[in-house]
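Subject: Structure handover

Hello,

Here is the structure for your set. Please open it alongside this note; the findings follow below.

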Amino acid sequence: LSETADFDVLYYIGVDVVMLGSGALAACTTPPHNFAYFFASMVLWGMLMRFLNNLMNTTIRNCCPEDEEYSKSLNTAKYSLMMGWVAMPGIFVLAHLEMVNPTVEEILYEGMDFLSKAGSASMILHSSLQTWVEKQSERKEKLLALRRSNVKHMLERMVRSHDEMLASTLQTQATSIL
C-alpha cells in the first residue's frame, strides 16, 4: 500500500463505501429496485476486486522477486483471501433467490469469512516475518559496520602509538649520541 498513490487509496475507499451503501439498499428494498442497487454494488465490487488483486500482485512481486517459494506461499494466501471475497456476492444471490435456507446461508457466510480472514492473516504473517528478517539483516549490517569502524580506529591508534614510540626512541638515541 505504501507504493500506491494516496489519491488511488482514497478513491477506492470511497468506492468501497458506496458499494457497501448500495449493497445495503439492495438488501433493504424490494424487487425490482433491489436488483438495480445490487447491480451497482456488483460493478463497484468488481472495481475493488481488480484494484486489490493488482495491489496484492504488485506487493508480492516487489517483496520477494528472488524467493520463488515465498512468492508461492503469498500467492496461495492471496487466492484464499480473494476466493472468500468473490464468494460473498454469490451467497447473497443464492439467499436472495431462496436457493439456500437461512441456516445454510449463515454457514456459507461464516466459511467465506473464515477463508478470507485466513488468507489475510497469512499474508500479514508473511509480511511481518519478511519485515522481521529485513530488520535483523539491517541490524547485523549496522553492527558489522560499527565493528569495522572500531577496528579501523584501533589500528589507526596503534599506528600512531607505534610512530610516536619510534620517534621517541630515535630522538632518545640521537640525544645520547650527541
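Helices (H or I, at least four residues) and strands (E, at least two) are DSSP runs, numbered from the N terminus. By that rule Met82 sits in helix H3.

Two notes on provenance. This is a predicted model, in which local features need pLDDT of at least 70, side-chain atom pairs count only at pLDDT 80 or more, and totals for chains, interfaces and linings use all residues. Residues are numbered from 1 along each chain as its sequence is written, and side-chain values use heavy atoms, with hydrogens and water left out.

Overall picture

The protein has four helices and zero strands. From the N terminus on, the order is α-α-α-α. Of the 178 residues, 20% are buried. Buried means under 20% relative accessible area, exposed over 50%, and partly exposed in between (1.4 Å probe, protein chains only). The protein exposes about 13,100 Å². Carbon and sulfur atoms supply 66% of that area. Accessible areas come from the Shrake-Rupley method with a 1.4 Å probe; for residues, only the protein chains shown count as cover.

Contact means heavy atoms within 4.5 Å. Among contacts between residues at least 6 apart in sequence, 67% join residues at least 24 apart.

The expected span of a helix is 1.5 Å times one less than its number of residues. H1 covers residues 6-28. Its 23 residues should span 33 Å, and its end C-alpha atoms are 33 Å apart, so the two agree. H2 covers 33-63. Its 31 residues should span 45 Å, and the end C-alpha atoms of H2 are 45 Å apart, so H2 agrees too.

The buried residues of H1 are Val9, Tyr12, Val15, Met19, Ser22 and Ala26. They pack against H2. Buried residues in H2 include Phe38, Leu44, Trp45, Leu48, Phe51 and Ile60. Ser41 is also in H2. Ser41 counts as buried because its relative accessible area is 6%. Leaving out residues up to four places away in sequence, Ser41 touches Met19, Ser22 and Gly23. Met19 and Ser22 are among the buried residues of H1.

Helix H3

H3 runs over 68-96. Its 29 residues should span 42 Å, and its end C-alpha atoms are 42 Å apart, which agrees. H3 bends by about 25° at Met88. A proline, Pro89, follows within four residues. The bend at a residue is the angle between axes fitted to the seven residues ending there and the seven starting there.

Buried residues of H3 include Tyr70, Leu74, Lys78, Leu81, Gly84, Pro89 and Ile91.

- Met82 is buried because its relative accessible area is 12%. It touches Met49, Asn53 and Met56, not counting residues up to four places away in sequence. Met49 and Met56 are among the buried residues of H2. Met82 and Ser116 are 34 residues apart in sequence, yet 6.8 Å apart C-alpha to C-alpha.
- Ala77 is in H3. At 4% relative accessibility, Ala77 counts as buried.
- Val86 is in H3. Its relative accessible area is 44%, so Val86 is partly exposed. The C-alpha atoms of Val86 and Ser116 are 9.5 Å apart, for positions 30 residues apart along the chain.

The H3-H4 loop

H4 covers 102-177. Glu98 lies in the loop between H3 and H4. Phi of Glu98 is positive, near 60°, in a residue other than glycine. At 70% relative accessibility, Glu98 counts as exposed.

Leu97 lies in that loop as well. At 49% relative accessibility, Leu97 counts as partly exposed. Phe35, Leu94, Leu97 and Met99 form a nonpolar patch on the surface. Together they have about 390 Å² of accessible area. Patches are made of residues with over 30% relative accessible area and no salt bridge; like charges are joined within 9 Å, nonpolar side chains (Val, Leu, Ile, Met, Phe, Trp, Tyr) within 5 Å. A salt bridge is a side-chain nitrogen of Lys or Arg within 4 Å of a carboxyl oxygen of Asp or Glu.

Best regards
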